[in-house]
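Me: I would like to go through the labels attached to this structure and ask what stands behind each of them. Please set the values against the cut-offs.

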Amino acid sequence: MNAPRPAVAAADRRGSLRALFRRRNYRLFAFGQVVSITGTWIQRIAQDWLVLHLSGGNAVALGAAAAMQWGPTLVLSLWAGDIADRVTRRRFLVWSGSVLGGLSLLCGVLVLTGVVQLWHVLVLCLLAGAVSAVETPVRAAFTSEMVEPGQIATAVAVNSVVFNVARVTGPAVAGALISVAGTGPLFVADAVSFGAVVLALLRMNPGELHLSAVPSRRTRSLRDSYREVLRHPGLGALITLVFCLSALGTSFVTILAVVATQVFQRGAGGFGLLSSVLAAGALGGAVAATRYTLRHRPGTRLLAVIACLLGLGEVVLGRLPTFWTFTAMLLCCGFVAQMFLPLANSTVQLSVPAGQRGRVMALYGIAVVGAYPVGGLAMGWLAEAAGPRLAIVAGGAALAVAAAVYGLVTRGAEIPRGNEGLEETDG
């Protein structure tokens with residue numbers, strides 16, 4: 001069958017988008033996500049600023065907060081996918097949204113009453129990270145319950161755009177508000193934003209949801225399945241490169257507050273601007289990656305080149321002398337990083353059989369999110385010991401080397417498509 005012409009394909013996508021938003025349940029969900037994710041990014045900027053203040057400007061403390069927040073993913077991701085297939089997802093998301101909102105409210109109260117200490121924030125990061133580690137795959141799987149099977153890809157694309165738009169808006173708002181009101185009200189605002197999610201979920205019509213059948217038994221062995229999947233060198237090498245990129249190439253985000261205050265002597269507004277510019281670049285990269293995957297299937301060489309460009313870009317980033325040249329290069333780094341991750345995501349998903357996709361994506365999730373604690377702690381320690389600039393340069397150089405090694409290892413080897421080179425393992 002011939003591929004549709006670009007104009008026809010574009011018309012089909014527009015029609016699919018209109019059909020998607022005619023579904024009341026999805027409209028409610030999308031609205032709740034816009035409000036909630038914006039609140040989450042406001043909270044993250046406020047949290048970094050609060051940790052920096054409570055620790056006396058210690059970069060290691062910022063790395064520790066990132067480790068507490070993302071560390072639970074390393075422990076829980078292997079089981080979170082199974083949990084997502086066994087719970088009533090809408091009910092679980094109401095519970096998780098309420099808990100996460102309550103944790104943000106508690107932190108806001110501690111700040112506003114003047115009793116907050118650094119260990120309070122770290123403990124709350126750990127608790128929120130544990131809930132989020134399980135909530136994330138449940139929320140991702142819930143998308144398929146709100147739409148028809150043919151609309152899932154469109155819904156996932158819309159979710160990505162919503163995430164990145166909120167990622168641009170949240171830091172800019174946070175940077176402006178911290179200067180005026182401090183961090184306490186921002187945590188309260190995040191708690192209120194979770195209320196929008198809970199309200200949207202409660203107002204949905206359960207009868208219009210496409211509920212999935214609950215699995216009757218577990219797979220034979222997660223370890224055996226992962227060993228079978230990673231037996232293919234191209235796929236295993238790609239997941240390893242994703243881990244390196246998350247640990248080395250994006251962990252400098254954890255010390256942006258230090259860069260703003262200690263390198264460029266800027267306040268909360270400067271920190272918020274850097275975060276928003278990075279997010280704007282990421283939004284552009286996400287759009288570019290989406291457009292590319294509509295027409296092509298990325299190969300190992302392209303992924304190696306993009307990762308290497310990001311590493312070299314960060315080497316330059318760490319050496320730039322002025323705030324505005326740093327800001328401009330940060331935009332480019334955000335674009336390249338976010339272009340790599342969706343391309344790698346789609347490559348992994350298209351490379352494995354449906355029966356192994358959930359388990360492989362759990363590994364991919366660990367590579368993306370689980371690398372943050374490792375990279376965040378290392379980046380914080382290096383920034384404290386040798387300075388933020390050297391930390392960024394070192395991370396970028398290490399990523400460039402990792403990308404070059406990946407390119408050499410996978411030269412001439414193709415990542416399998418679907419059932420090529422991989423066997424179904426239903427157990």
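Reply: What follows takes the labels one by one, for a model that is predicted.

Me: What is the protein chain made of, helices or strands?

Reply: The protein chain has 15 helices and 0 strands. Of its 427 residues, 51% count as buried. The chain exposes about 19100 Å², and carbon and sulfur atoms supply 66% of that area.

Me: How do you know that the span of helix α4 is close to the expected one?

Reply: Helix α4 covers residues 89–112, which is 24 residues. The expected span is 1.5 Å times one less than the number of residues, and for α4 this gives 34 Å. From the first C-alpha to the last, α4 reaches 34 Å, so the span is close to the expected value. After α4 comes G114, with a positive phi near 80 degrees.

Me: Why is the pair E135 and R139 called a salt bridge?

Reply: The label needs a side-chain nitrogen of Lys or Arg within 4 Å of a carboxyl oxygen of Asp or Glu. Between E135 and R139 the N to O distance is 2.8 Å, which is within 4 Å, so the pair is a salt bridge. A search of the whole structure finds 1 salt bridge.

Me: Where do E135 and R139 lie in the helix?

Reply: Both are in helix α5, 4 residues apart, about one turn of the helix. An α-helix has 3.6 residues a turn, so residues three or four places apart point the same way.

Me: Why is E135 called buried and R139 partly exposed?

Reply: Buried means under 20% relative accessible area, and partly exposed lies between that and 50%. E135 has 10% relative accessibility and therefore counts as buried. R139 has 25%, so R139 counts as partly exposed.

Me: Which residues of the model form a nonpolar patch on the surface?

Reply: The patch is formed by W119, V123 and L127, with about 300 Å² of accessible area together. W119 is found in helix α5, residues 118–146.

Me: What makes M146 a buried residue?

Reply: M146, in helix α5, has a relative accessible area of 1%. That is under 20%, so M146 is buried. Leaving out residues up to four places away in sequence, M146 touches R23, N25, Y26, F29, M204, L209 and H210. M146 and Y26 are 120 residues apart in sequence, with 5.9 Å from C-alpha to C-alpha.

Me: Why are W41 and S246 called buried?

Reply: W41 has a relative accessible area of 13%, under the 20% limit, and is therefore buried. W41 is in helix α2, and beyond its neighbours within four places in sequence it is in contact with F163, A166, R167, G170 and P171. S246, in helix α9, has a relative accessible area of 1%, so S246 is buried too. Residues up to four places away aside, S246 touches S251, A367, V368, A371 and Y372.

Me: How do you know that D48 has no salt bridge?

Reply: D48 is in helix α2, residues 24–54. R44 carries the nearest side chain of opposite charge, at 8.3 Å. A salt bridge needs a distance within 4 Å, so D48 has none, yet D48 is buried. Neighbours within four places in sequence aside, D48 is in contact with L62 and F271.

Definitions and conventions: Residues are numbered from 1 along each chain as its sequence is written. This is a predicted model: local features need pLDDT of at least 70, side-chain atom pairs count only at pLDDT 80 or more; totals for chains, interfaces and linings use all residues. Side-chain values use heavy atoms; hydrogens and water are left out. Helices (H or I, at least four residues) and strands (E, at least two) are DSSP runs, numbered from the N terminus. Buried means under 20% relative accessible area, exposed over 50%, partly exposed in between (1.4 Å probe, protein chains only). Lys and Arg count as positive and Asp and Glu as negative; His and the chain ends are not counted. Contact means heavy atoms within 4.5 Å. Patches are made of residues with over 30% relative accessible area and no salt bridge: like charges are joined within 9 Å, nonpolar side chains (Val, Leu, Ile, Met, Phe, Trp, Tyr) within 5 Å. Accessible areas come from the Shrake-Rupley method with a 1.4 Å probe; for residues, only the protein chains shown count as cover.
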